[in-house]
Amino acid sequence: LSSPSGLTHESHKKDVEQVYLRCSEGSIEWMYPTGALIVNLRPNISPASYKHLTVCIKPFKDSAGANIYLEKTGELKLLVRDGERSPSRVYCFGYDQGGLFVEATPQQDISRKITGFQYELMSKGIAADLHTASAPCRPCSDTEVLLAVCTSDFVIRGSIQNVTNEAEEQESIIHVGVNKLYRQKSKVFQLTGESGNWRGQIKTLLECGVKPGDGDFLFTGRMHFGEARLGCAPRFKDFQRMYKEAKDKGLNPCEIGPD
């Protein structure tokens, strides 16, 4: 977390401050923004790997006081306009497309403003999984399911208890009852209540039209800004079939107990 304050630059409203961030994920919070910030993302990996990275930013819900640009060799491309209200909107770009330039906008009052956003760096392959613009709701093929089992941040067998839709954010929240937890990167799925049942929530696009249904599914997906995002989710009996067929042929990419 980096928290610079514009108050220290009140007498130099055109000052530009450099911020260097070494973590692969985190957040920036700029209080009383004046002048500009250049945000340099310098993860602790080989510079040769930078070209394979995607940067995603998610502005805070009440972020205000500055425009956020993508900057490369002096050219600015507007990413987020000051005051733009798009809940849960995520902006992604290739690491080699430039850096972040955050410029304070002229203010007519002295009310407290905070510009802030979360950021994540990830491989371009993972980013493509999260932002498949061409067909985000299409079912996964057998090969995609088997690969997702090996590479996803979470893999669970469970049932859909309920689905709540958030029209403003254009998202659906799937409330999942977990029957078997194969893997989870973060503690999204936890024991709840005296019954000792595992439960958790997975988000997906509203347009995919997910509805409560009977039976078990194999839920896979990625963690993105602290939330579980749905990837492949075949019915569990279909996963058992495809896993057995691949294993019999020696083609399953990794081992997992399918029962």
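Predicted model: local features only at pLDDT ≥ 70, side-chain atom pairs only at ≥ 80, totals over all residues.
Ring pairs join Phe236 and Phe239 with Tyr243 in a cluster. Phe236 also has a charged neighbour: Arg157 lies over the face of the Phe236 ring, at 4.1 Å from the ring centre.

The structure holds five aromatic pairs. One of the aromatic pairs is formed by Tyr69 and Phe101, with 6.4 Å centre to centre and 55° between the planes, and this pair is tilted. Tyr69 lies in strand S5 (residues 66–72) and Phe101 in strand S8 (residues 99–104), so the contact ties together parts that are 32 residues apart in sequence.

Are the two partners buried or exposed? Tyr69 has a relative accessible area of 15%, and because the limit for a buried residue is under 20%, Tyr69 counts as buried. Phe101 is likewise buried, with a relative accessible area of 15%.

## Geometry of the Phe236 and Phe239 pair

The ring centres of Phe236 and Phe239 are 5.8 Å apart, and their planes meet at 50°. Why is this pair described as tilted? Planes under 30 degrees apart count as stacked and those over 60 as edge-to-face, with the rest as tilted; the angle of 50° therefore makes the pair of Phe236 and Phe239 tilted.

Methods
Residues numbered from 1 in each chain as written. Heavy atoms only, no water. Phe/Tyr/Trp six-rings, centres within 6.5 Å; stacked < 30°, edge-to-face > 60°. Helix = DSSP H or I, 4+ residues; strand = E, 2+ residues; numbered from the N terminus. Buried < 20%, exposed > 50% of the residue type's maximum accessible area, 1.4 Å probe, protein only. Lys NZ or Arg CZ within 6 Å of the ring centre and 35° of its normal.
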